[in-house]
Amino acid sequence: MKVSPSILTCDFARGAEEMQFVKDSGADMVHLDVMDGVFVPNISFGPAVIGSLRPHSDMFFDVHLMMQQPRRMLPAFAKAGADLLNIHLECDDPIDETLADIRALGKKAAITLKPATPAEAAFPYLEQVDMVLVMTVEPGFGGQSFMEDMLPKIAALRQEIDRRGLAVDIQVDGGINVDTARLTAEAGATIAVMGSAVFNAAEPQALVAAVQAL
Ligand code: DX5
Ligand code: ZN
């Protein structure tokens, strides 16, 4: 699997060092969790913080937009240095048009499913995205427990993506450690987001390498 450490629980006063920590861990990309306080009951950061981190990292910025109305903010996130913009299927904006806007900005596009949203809800958009994120916790906070009942959803998405011959990644986010990552890899996931596991690891490089070997 590829590994995308979530910096949600990092120390933002030490942004440059945290970017270096992610780089040194050997991870493949950086996961940035944007929370608007409406779509989820938490507020994290927006384009200004992403823009201030950008000069301190040459890694791919994987931006997870937990926002009720992401569409109007897409140009700001693109300008701040996002490489991939990921919207929730449960947001208020029209999905087709919002994905087209992301493409028009020259960015990779993705959709996310909350735990209650079935795999089939993503099927109409599989040709328009680079990645589908299956949330394995309720979005809003780091450090929660992995929901094992999301595994059949991952498998259903993998089956449909492969049936259509598409090169769409499946990302998993929430409660991922080496054990839960293995379960998701077996179900067909290809990118593991890890927040607390990486940032609290005694040996972050060993953890990242173990997940990359799955
Ligand atoms: C939750 C976020 C996650 C979170 C993951 O809403 O989308 O990216 O930071 O944190 P852990 O890995 O600690 O569950
Ligand atoms: Zn996330």
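This dialogue walks through the overall fold of a predicted model and the surroundings of its ligand.

Visitor: How many helices and strands does the chain have, and how compact is it?

Guide: The chain has eight helices and eight strands. Its radius of gyration is 16 Å, close to the 17 Å that the globule rule gives for 214 residues, so the chain is as compact as a globular protein of that length. Along its principal axes, the C-alpha trace spans about 40 × 35 × 30 Å.

Visitor: Where does ligand 1 sit, and which residues are the closest to it?

Guide: Ligand 1 sits in the largest pocket, and of the 20 residues that surround it, the closest are Asp33, Gly140, Asp173, Gly195 and Ser196.

Visitor: Which polar atoms of the protein lie within reach of an oxygen atom of ligand 1?

Guide: A polar contact is read here as a pair of N or O atoms within 3.5 Å. Among such pairs, a polar side-chain atom of Asp33 lies 2.7 Å from an oxygen atom of the ligand, a backbone N or O atom of Gly195 lies 2.8 Å from one, and a side-chain N or O atom of His64 is 3.3 Å from one. The protein covers 99% of the 380 Å² of accessible area that ligand 1 has on its own.

Visitor: Which elements give two or more residues to the shell around ligand 1, and how do its residues divide into nonpolar, polar and charged?

Guide: Those elements are β2 (30-35), β3 (61-66) and β8 (191-194), with the largest share, three residues, coming from β2. By residue type, the shell comprises eight nonpolar, 10 polar and two charged residues.

Definitions and conventions: Residues are numbered from 1 along each chain as its sequence is written. Chains are lettered from A and ligands numbered from 1 in the order in which they are written. This is a predicted model: local features need pLDDT of at least 70, side-chain atom pairs count only at pLDDT 80 or more; totals for chains, interfaces and linings use all residues. Side-chain values use heavy atoms; hydrogens and water are left out. A residue is near a molecule or strand if one of its heavy atoms lies within 4 Å of it. A polar contact is a pair of N or O atoms within 3.5 Å; within protein, one must be able to donate a hydrogen and the other to accept it, and residues adjacent in sequence count only if both atoms are side-chain atoms. Accessible areas come from the Shrake-Rupley method with a 1.4 Å probe; for residues, only the protein chains shown count as cover. On a 1 Å grid over the protein atoms alone, a cavity is a set of points where a 1.4 Å probe fits but cannot get out, and a pocket is an open set with protein on both sides within 12 Å along at least five of seven lines; lining residues have an atom within 4 Å of a point. A molecule sits in a cavity or pocket if more than half of its atoms lie within 2 Å of its grid points. Helices (H or I, at least four residues) and strands (E, at least two) are DSSP runs, numbered from the N terminus. Ala, Val, Leu, Ile, Met, Phe, Trp, Tyr, Cys and Pro count as nonpolar, Asp, Glu, Lys and Arg as charged, and the others, Gly among them, as polar. The radius of gyration is taken over C-alpha atoms; the globule rule is 2.2 Å times the number of residues to the power 0.38.
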